[in-house]
Amino acid sequence: MGDVLSTHLDDARRQHIAEKTGKILTEFLRFYEDQYGVALFNSMRHEIEGTGAPQAQLLWRKVPLDERIIFSGNLFQCQEDNKKWRNRFSLVPHNYGLVLYENKVAYERQVPPRAVINSAGYKILTSLDQYLELVGNSLPGTTSKSGSAPVLKCPTQFPLILWHPSARHYYFCMMTEAEQDKWQAVLQDCVRHCNNGIPEDSKVEGPAFTDAIRMYRQCKELYGTWEMLCGNEVQILSNLVMEELGPELKAELAPRLKGKPQERQRQWIQISDTVYRMVYEQAKARFEAVLSKLQLARPAMEAVIRTDMDQIITSKEHLASKIRASILPKAEVCVRNHVQPYIPSILEALMVPTSQGFTEVRDVFFKEVTDMNLNVINEGGIDKLGEYMEKLSQLAYHPLKMQSCYGKMEPLRLDGLQQRFDVSSTSVFKQRAQILMREQMDNAVYTFETLLHQELGKGPTKEELCKSIQRILERVLKKYDYDSSTVRKRFFREALLQITIPFLLKKLAPTCKSELSRFQELIFEDFARFILVENTYEEVVLQTVMKDILQAVKEAAVQRKHNLYRDSVVMHNSDPNLHLLAEGVPIDWGEEYSGSSDSGGDPGSPGTPEAAILSEKRRRAKQVVSVVQDEEAGLPFKAVPEPLAPASADSITELHGLLAQDQQAESPPLAGPLLNGAPAQESPQPGAAPEAASPPASPLRQLPPGKASDLEPPKPSDQETGEQVSGPGGRPPIHTTTEDGAGVQTEF
């Protein structure tokens, strides 16, 4: 690898890449600085004027999965250096960065992880044919001949490959199809979460950045949706640079690569990944410097806006009226001829899978609560309620239980419309809808938790509790139906705008864009940071199509299509005391209600040694419990009496056996076996021996005894360039990708 990089990425070429990257970043950051002032003004104006949006009926939790681990288990990973496959212990913490350890013993000994993978921008592939096709397309002229050795050999029939157009690829494989399906659902959840890397509560920096990206690409004649608008700001900026730099490097270096097609493909993957990392580091430094400068200037800008808000609004409205008079006739003709006839078709294509997904969310929530209620009646009563509610509280972040909801979006197609409106991929709409499904599920669960917790304060009997659970469930479902309708209608409007506005701007550009410069003189110099001609022009174009979009969504609601509520149905303060309940301390079900019936000198009583041990176990379990354990453990009583189909025996019988083994050895000694029974001293290879096979991914039960500070997930160095992570022996906490603009995940 070193020879390839030193040959094709010598000092002169690295300097050229740095200069080219710097030029692109400088051009983009000018757009970003311009958009920052506009976004700040829009944010402050919105705070003052408001929009009168419908009030949400469901509550939302502020920290959904603090210190939780989504999933953990073993999988095989292919090593880049020697192409050998090694069994890795892997876990996914609440920030969805896939953490890879040498083995479980290394994790328990607090050895730093080999890698932490931020999967933003990646695709999850489940077959070598898919991967080889993408690799062949990435470097034209390197398609392998029939029968020749491929770029990757997988020892099993169940691979999982993380593919990125610019960054390095990751190769995993499993021993069974059930295991592959499970890890695919988990990794797809990681991709979905990491792609949504810009915090939605960022009212200035986020909109300024996304608008700057759009403006920059439009000045390059690139309209329409962009598939690589994923990750945090630095990752998106790196993708933007590589979009322009990648083809240039490929044209220059591809003819110089030597060897067979598969060897040239490997070389290009190495080169592309190295360049991507160079670009990432340069983009991170430049973006952070500009953002820091803007944040320092923000107080002075806010003072001007507060003082001159009315004058700025008047000036902007005057500018908009002049632009509207100039371009409105052309825009209306364009909308009438090229957009209006297709809005119903686009809306119907969006509505069917989206509404099916939200209906599935409702059904899954109903089933889980009903199953819990049956178990309260038939098994544990209030004594088991804490355990049941602890599981239910994590439902929205259970990758497997939510998979049936997410899967409803996969059939989304815009056949014939995708090319017309230059929509490169529907994945942006699929993932947005899936994220909204997860949010609504968590809101429903949290609202149910809050109302049930209030009811428990009345000290109900088991029979009264079951009736209360049913009554609260019906109450929450009504709120869910209303919020679901509101969220879906907003999603449809935003998606229609995202599809049609770039198309309109592209159509109008030849006749309208050249006229915009003459409107610049209408803006006072003092307000030039908060009013831009280009943004005002886009708002005017948006208004020409917005009435048609609103009308289409309204008609769908009037016809009661897909359970949408009419706009006239508004629930104002239907439950005024509910939001006051959410202001209290977060509910700890395991701590408050597990074994709540114990009293006096019973083992579970506070102050006894047994109670202290139990409390410590709960504390450890809360920090490391795998949400996915719900599927394996299950509840003894289900709402549907029929047994599962025989086809699921693989995933049920084997996992129950595996869980039984885990319970027999909850906390193995450091020198003991791994989860798969392999000795701690070596990393087994698939096919070497039957006992070396990776088991189905299983949840961790609890951390080994240690200090509270040892229970935090790890964070590698931000300077990581390979798989090895340098750093101290301890495991500092992993931060989420949305905590700061640059992010802290170090693998791409």
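Author: Glu317 and Arg45 join their side chains in a salt bridge, 4.0 Å from N to O. This is a predicted model. The two partners come from distant parts of the chain. Glu317 lies in helix H8 (residues 261-339), and Arg45 lies in helix H2 (residues 11-49). They are 272 residues apart. Glu317 has a relative accessible area of 47%, so Glu317 counts as partly exposed.

Take a second link of this kind. Glu538 makes a salt bridge with Arg214, and their closest N and O atoms are 2.5 Å apart. Again the pair ties distant parts of the chain together. Glu538 sits in helix H15 (residues 533-558). Arg214 sits in helix H6 (residues 205-219). The separation is 324 residues. How exposed are these two? Glu538 is buried, because its relative accessible area is 8% and buried means under 20%. Arg214 is partly exposed, with a relative accessible area of 28%.

Glu387 is partly exposed at a relative accessible area of 32%. Lys384 is partly exposed too, at 31%. Other salt bridges share partners: Glu205, Arg298, Glu302 and Arg306 are joined into one network. Across the whole structure, a search finds 35 salt bridges. Side chains of opposite charge can pair when their charged atoms come close.

Now the aromatic rings. The whole structure holds 20 aromatic pairs. One of them is Tyr101 with Tyr107. Their ring centres are 5.0 Å apart and their planes stand at 70°, so this pair is edge-to-face. Tyr101 has 0% relative accessibility and therefore counts as buried. Tyr107 is buried as well, with a relative accessible area of 5%.

Phe365 and Phe448 form another edge-to-face pair. Here the distance is 6.2 Å centre to centre, with 85° between the planes. This pair also links distant parts of the chain. Phe365 belongs to helix H9 (residues 343-380), Phe448 to helix H13 (residues 427-456). They are 83 residues apart. Phe365 is buried at a relative accessible area of 2%. Phe448 is buried at 0%.

Rings can also gather in groups. Ring pairs link Phe28, Phe31, Tyr32, Tyr36, Phe209, Tyr216 and Phe287 into a cluster. Charge meets ring at Tyr406: the charged end of Arg192 sits over the ring, 4.0 Å from its centre.

Strand S6 (residues 158-163) pairs with strand S7 (residues 170-174) in the antiparallel sense, over 5 bridges. Leu160 stands opposite Phe172 in S7.

Key. Residues numbered from 1 in each chain as written. Predicted model: local features only at pLDDT ≥ 70, side-chain atom pairs only at ≥ 80, totals over all residues. Heavy atoms only, no water. Pairing = 2+ DSSP bridges. Helix = DSSP H or I, 4+ residues; strand = E, 2+ residues; numbered from the N terminus. Buried < 20%, exposed > 50% of the residue type's maximum accessible area, 1.4 Å probe, protein only. Phe/Tyr/Trp six-rings, centres within 6.5 Å; stacked < 30°, edge-to-face > 60°. Lys NZ or Arg CZ within 6 Å of the ring centre and 35° of its normal.
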